[in-house]
Amino acid sequence: MRNYMQIFLGTSFSSLSPKEIQILKDHLFCINSDGMIEMIVAPEHADYQPLLDAYQGQDNFHVLAEGQYFLPGFIDLHVHAPQWAQSGTALDIPLYDWLNTYTFPLESKFSDLTFAKKVYDDVVGTLLANGTTTALYFATVHKEASLLLAKICAEKGQRGLVGKVVMDDPQGNPENYRDSDTHTALVDTEEFILAVQELAKSTKQGVYPVVTPRFIPSCTNEALQGLGELAAKYDTYVQSHCSESDWAHGYVQERFQKNDAFALHDFGLLSDKSVMAHCNFLDEDDVNLFAETGTAIAHCPISNAYFANSVIPIADFHAKGVEIGLGSDISGGFSPSLFDNIRQAVMSSRMLEDGVNPSLSAQNRGVPGSRITIHESFYLATAGGGESLSLPIGRLLEGYAWDVQIIDTKVPSAKLPVFDESEDLQDIFQKIMYLARPENIREVWVQGEKVHSR
């Protein structure tokens, strides 16, 4: 029998497929020194009792208490880290006005590294406490502050994918918040990529540089072309916003006479390492292009309700082979919890299917086949996010990272309504999805290391 760094005993919920949950009751999860799940042992397996006998009572043997369960850590595919400082405010005006009145002035303050550290320390800690073990971050235009965010992820144990934002077009950005010129934007991005790749060599859970044109309205053609070339040169992730709102979608059509997806593709920014946020207005050709290139969508259901002017047909896009995960879109989305976004994704899909205008007849009111289930939404927050990033995360399976949140349904301040000890585990899973609060997340582990406990 080989030695393991950690062994965990308990019941887990994980996605088997988009519509099916795999429940492993009272299994042993054996974690190696790399923080990967090396073996999962069922109670009836021949190794089960010998492993119990060998590890019980040791510090590296962890047993869940009654009413506690393992979930995969959440993967948040779209977070504006600096905007944590304005979360919960200014959600009442259109996107263009919101950016210029509130968001750009706030982000300009991140030239001050003391201020940046205060906000970034807090947002990474907050997301970990909400069960988010991997986050794809937009930082700001400031190279040093963006690198600081990557370092904070590394130190706190979160798997961070971080982008220094590029906004070089004098016509599309405020004078006091943009890259000084296109050349500087590209040089800073390359230096940022190299610095994060160096940091990654000593970071167990991984940190990754991300090429990040904010969105087409903020970038010159030269910057977009240069960023596509840097992404290819260093084989990095790419992130941006794509066809989010009527205004943003219309702007790109007017500038290029094509949709965002094809404009971004022309600059080399769509690939299987690309994640595009929102994507509410993709048409049939755009969707096919995403599927062909392996480009993923970060679905941000709470934010979309405020700024996207539409409900994205997520079920349709998923059925056509597009990889999709969930994003909080702090602060366009007010909540740091992917639990909240899991719930909103289901609700928004139901509203799209049923329609929202009661003056229309039922058969003309909605878009048939649009609803997703809670199982599918959970899949987006976990396995779908892992697939979108092409990383072995988001599932509790052998060969995947031990990224977990330990959910306690019996916390006195947030007790879930489970009154029968033999209640069906599928029902308990659904109650966790709809009712869990941060208090229910007792511990969070990333790559086999405990990074949060309550």
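Ala90 is found in the loop that runs between strand 6 (74–80) and helix 2 (95–108). This is a predicted model, so keep that in mind throughout. Phi of Ala90 is near 65°, a positive value in a residue other than glycine. Is Ala90 buried or exposed? Its relative accessibility is 13%, so Ala90 counts as buried, the cut-off being under 20%.

Next, Asn309. Here too, phi is near 65°, again positive in a residue other than glycine. Where is Asn309? In the loop between helix 10 (301–307) and helix 11 (314–319).

Now a peptide bond. Ile330 and Ser331 are joined by a cis peptide bond, with omega about 5°. Ser331 has its place in the loop between strand 14 (324–326) and helix 12 (338–354). Why point these out? Most residues other than glycine have a negative phi, and most peptide bonds are trans.

Let's step back to the whole chain. The protein chain has 16 helices and 17 strands. Its radius of gyration is 22 Å, close to the 22 Å that the globule rule gives for 454 residues, so the chain is as compact as a globular protein of that length. Along the principal axes, the C-alpha atoms fill a box of roughly 70 × 60 × 40 Å.

Burial and contacts. Of the 454 residues, 60% count as buried. Take contacts between residues at least 6 apart in sequence: 72% of them join residues at least 24 apart.

Last, the surface and the charges. The chain exposes about 17400 Å², and carbon and sulfur atoms supply 50% of that. There are 32 positive and 60 negative charges. Their mean positions lie 5 Å apart.

How values were computed:
Residues are numbered from 1 along each chain as its sequence is written. This is a predicted model: local features need pLDDT of at least 70, side-chain atom pairs count only at pLDDT 80 or more; totals for chains, interfaces and linings use all residues. Side-chain values use heavy atoms; hydrogens and water are left out. Helices (H or I, at least four residues) and strands (E, at least two) are DSSP runs, numbered from the N terminus. The radius of gyration is taken over C-alpha atoms; the globule rule is 2.2 Å times the number of residues to the power 0.38. Buried means under 20% relative accessible area, exposed over 50%, partly exposed in between (1.4 Å probe, protein chains only). Contact means heavy atoms within 4.5 Å. Accessible areas come from the Shrake-Rupley method with a 1.4 Å probe; for residues, only the protein chains shown count as cover. Lys and Arg count as positive and Asp and Glu as negative; His and the chain ends are not counted. The place of a charge is taken as NZ of Lys, CZ of Arg, CG of Asp or CD of Glu.
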